[in-house]
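Trainee: Can we go through this one together? I'd like to learn how the labels get attached.

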Amino acid sequence: MADIELRPDSHGKVRDIYDCGDALLMVASDRISAFDYILPDEIPYKGEILTRISAFWFERFADLMPNHMISMDVADYPAEYHRYASYLAGRSMLVKKAKTIPIECIVRGYLTGSGKKTYDTNGTVCGIKLPDGLVEASKLPEPIFTPSTKAALGDHDENISFERCAQIVGEETATQLHDASLAIYKAAAEYAATRGIIIADTKFEFGFIDDKLTLIDECLTPDSSRFWPAEGYQPGCVQPSYDKQYVRDWLKANWDMIGEPPHLPQDVIEGTSSRYQEAFQIITGHEFEPMKESHVTA
């Protein structure tokens, strides 16, 4: 089967979530979003790559921070999903239910994106004063925690200060988010450096499971992070990246952001897919081979 006939309990930009009673089944589609629009074309293997990269990091950092992953083996899923094994293989994950925390936990190690815009205006990023003289892609003296609100689908997240974060979730939880986010980022950045990758910034989400802070959602994927090749890194200009920047750049050049987004050319679709596959291979150290249909039978 190519898809799931069951209706998801939650339908996001790129992921569908199914309530399995005491667990959730997260299914990453090949949909791609940009500028808060879901584009009409899919990127081959994208959902599988994002899910498998998340699983890689969850396993790598299991001793550093608990996470919500139970299994990626369709045989471990509830029986009603077994008949969809060929679609679910690789792109799905059974996870523990968590009480989600309504904060996007962003860590920035380099100056780029929205942080660069506010720095150019007033020398700060999310209220944090940075040294003078930084340029596009400058490495920051230390990684910084710059949280944002979690907006509803179609709305924009809002960058907030740590103080505002503490007002929303409480001082103790905000401090936990700060410390956990920086610890995971630093460990990931150290590992990525051995693979020739710079993690410029990333976004984490957390929840509480049995009153313990737990890493949830996706983790350190090309959709939630900026991965730059270390080779050729040069502050002062926009860096090439292993993410959907290729799509964003094409849209900026070919669309006025009015009405429905256009179809992507085949070379952009294929180029974006190849960048995701390359990210998988560099980060995990394994060639990307799509997972075959599980031997589960209905």
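Trainee: What makes Asp19 count as partly exposed?

Mentor: First, keep in mind that this is a predicted model. Asp19 has a relative accessible area of 39%. Buried means under 20% and exposed means over 50%, so Asp19 falls in between and is called partly exposed.

Trainee: Why is the pair of Asp19 and Lys97 called a salt bridge?

Mentor: Their closest N and O atoms are 3.0 Å apart. The cut-off is within 4 Å, so the pair qualifies. Asp19 sits in strand β2 and Lys97 in the loop between β7 and β8, so the bridge ties together parts that are 78 residues apart in sequence. Lys97 also counts as partly exposed, at 34% relative accessibility.

Trainee: Why is Glu104 called buried?

Mentor: Its relative accessible area is 6%. That is under 20%, so Glu104 is buried. Glu104 forms a salt bridge with Lys203, with the closest N and O atoms 3.7 Å apart. Glu104 belongs to strand β9 and Lys203 to strand β14, so this pair joins parts that are 99 residues apart in sequence. Lys203, at 25% relative accessibility, counts as partly exposed.

Trainee: What makes Glu218 and Arg15 a salt bridge?

Mentor: The closest N and O atoms are 3.8 Å apart, and that is within 4 Å, so the label holds. Glu218 is in the loop between β15 and β16 and Arg15 is in strand β2, 203 residues apart. Both Glu218 and Arg15 are buried. Arg15, Asp217 and Glu218 are linked in a network of salt bridges.

Trainee: Then why does Lys244 have no salt bridge?

Mentor: The nearest side chain of opposite charge, Asp223, is 4.4 Å away. A polar atom of its side chain lies 2.9 Å from the backbone oxygen of Ser33.

Trainee: How do you know that Lys244 still touches Asp223?

Mentor: Lys244 touches Ile32, Ser33, Asp223 and Tyr276, leaving aside residues up to four places away in sequence.

Trainee: What about the whole chain: how do you know that its radius of gyration agrees with a compact globule?

Mentor: With 298 residues, a compact globule would come out near 19 Å, and the protein chain has 19 Å, so the two agree. Of those 298 residues, 51% count as buried.

Terms used. Residues are numbered from 1 along each chain as its sequence is written. This is a predicted model: local features need pLDDT of at least 70, side-chain atom pairs count only at pLDDT 80 or more; totals for chains, interfaces and linings use all residues. Side-chain values use heavy atoms; hydrogens and water are left out. Buried means under 20% relative accessible area, exposed over 50%, partly exposed in between (1.4 Å probe, protein chains only). Lys and Arg count as positive and Asp and Glu as negative; His and the chain ends are not counted. A polar contact is a pair of N or O atoms within 3.5 Å; within protein, one must be able to donate a hydrogen and the other to accept it, and residues adjacent in sequence count only if both atoms are side-chain atoms. Contact means heavy atoms within 4.5 Å. The radius of gyration is taken over C-alpha atoms; the globule rule is 2.2 Å times the number of residues to the power 0.38. Helices (H or I, at least four residues) and strands (E, at least two) are DSSP runs, numbered from the N terminus.
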